[in-house]
Amino acid sequence: NQMGVLPEEYLETLQWMEEELQSEYNDPSIKIPVDQPDCDVMYTINPREVKYDPRTIAEAAAIFHFAGEKWTMPSVGWDQTNFGLFNGDDEFGGAVARRVYDAAVRLRAKKVVISECGHGYRSTRCEGPNWSGLDVTVPMESSVITMLRYIQEGRLRVDKTKNSIPVTYHDSCNAARSCGLTEEPRELLNLACTEFREMYPNRAENYCCTGGGGAMSMSEYAPRRLKSAKIKAEQLKATGAKIVVTSCHNCVDGLFDLIRHYKLDMQVRQLVNLVANALVVPEKTGREMQAPSGEQCVHGDRQVGQ
């Protein structure tokens, strides 16, 4: 993986988050399964989540659990990020994307769900099949679409009053401009928050977070990034929102930097944070289903319409 997270560090973090969830919800049946075959969903993430923000993994796990999803995470091929996109090396990009596809085939997953990472979504779902030269038959989608579908189908209940602070949405260049993921985040925000305020311009015309194109990885560009961020800071300030939501880890970092630099009264969040915060948890929580072979997909009680 691109951040050098060791295999044991990855697995220990998942175990740690599983224990946190079980304690938080007083429910020992909540699991973060690894390498379970024949699941409906294989979940991939950005290594930044393991290293700096493991809570997003736990929040996604809670959402999968309470939606009654049969899901797993792979022990190998879990990193959806791809520096082939940043440096223009299509062959390298194809080799990296192939690791995710190989994991899905190995585990016989019915779908790959990609966590909120702009370039990870673009490189895995939109560009990777072309770079790798593979006929990728496993469907792939952003977790934004997954969460929206759970709510629309009644698999998840949310209480939007739990997110009552005004929010605005920043479109990731890779997700919106390059892959057309623009409407689903807004639909989800309107379901999970009481007050969504649009910023202008938006969607494919939105201003960059200043962390794109690999610039976030090069500290020598920080002064230039922050200088160019002035227009973005003015755009954010004009909304009057207290939270800016984005579905990209580069954007999280870029927005955090400019908010601190221009002293804006605003926080940065991702959609998974808000959906997890708005969850209405049924009194009876999950259960664990075991196959006769001892291999298992983990899913929770789905209580539709409660």
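Select F66 to start. In this predicted model, F66 has a relative accessibility of 4%, so the residue counts as buried. Y25 and F66 form an aromatic pair, with 5.0 Å from centre to centre and 65° between the planes, an edge-to-face arrangement. Colour helix α1 (residues 7–25), which holds Y25, and helix α3 (residues 55–66), which holds F66; the pair therefore ties together parts that are 41 residues apart in sequence.

Stay with the rings and select Y43 and F64. Their ring centres are 5.1 Å apart and their planes stand at 80°, so this pair is edge-to-face. Y43 belongs to strand β1 (residues 41–44) and F64 to helix α3, so parts that are 21 residues apart in sequence are tied together. Are Y43 and F64 buried or exposed? Both are buried. The structure holds 7 aromatic pairs.

Next, look at the core. The largest nonpolar core has 46 residues, and those with the most contacts inside it are I32, I63, M73, L156 and L189. In soluble globular proteins, nonpolar side chains tend to be buried together. Which elements each supply at least two residues of this core? They are α1, β1, α3, α7 (143–152), β5, α9, β7 and α13 (271–278). The largest share, 8 residues, comes from α3.

Select I63 and show what surrounds this residue. Leaving out residues up to four places away in sequence, I63 touches M147, Y150, L156, V272, V275, A276 and L279.

Now turn to the cysteines. Select C126 and C179, which are joined by a disulfide with an S to S distance of 2.4 Å. A disulfide is a covalent bond between the sulfur atoms of two cysteines. C126 sits in helix α6 (residues 118–132), while C179 is in the loop between α8 (173–177) and α9 (183–192); the pair links distant parts of the chain, 53 residues apart. C126 has a relative accessibility of 24%, so this cysteine counts as partly exposed. C179, with a relative accessible area of 18%, is buried. The structure has 1 disulfide.

C248 is in no disulfide, and its nearest cysteine sulfur, that of C251, is 3.6 Å away. C248 is buried, with a relative accessible area of 5%, and C251 is buried at 4%.

The last stop is helix α11 (residues 230–239), where K232, A233, Q235, L236 and T239 are buried. Turn the view to look down the axis of α11: the buried residues fall within an arc of 160°, so they line one face of the helix. Then select K237 and A238, exposed residues on the face of α11 turned away from its buried side.

To see what covers the buried residues of α11, show β5 (167–170), β6 (196–197), β7 (243–246) and α12 (249–261), which are included in that cover. Finish at G240, the residue that follows α11; its phi is positive, near 70°.

Note on methods. Residues numbered from 1 in each chain as written. Heavy atoms only, no water. Phe/Tyr/Trp six-rings, centres within 6.5 Å; stacked < 30°, edge-to-face > 60°. Helix = DSSP H or I, 4+ residues; strand = E, 2+ residues; numbered from the N terminus. Buried < 20%, exposed > 50% of the residue type's maximum accessible area, 1.4 Å probe, protein only. Disulfide = S-S within 2.5 Å. Arc of directions from axis to C-beta. Contact = heavy atoms within 4.5 Å. Core = buried A, V, L, I, M, F, W, Y, C linked by side-chain atoms within 4.5 Å.
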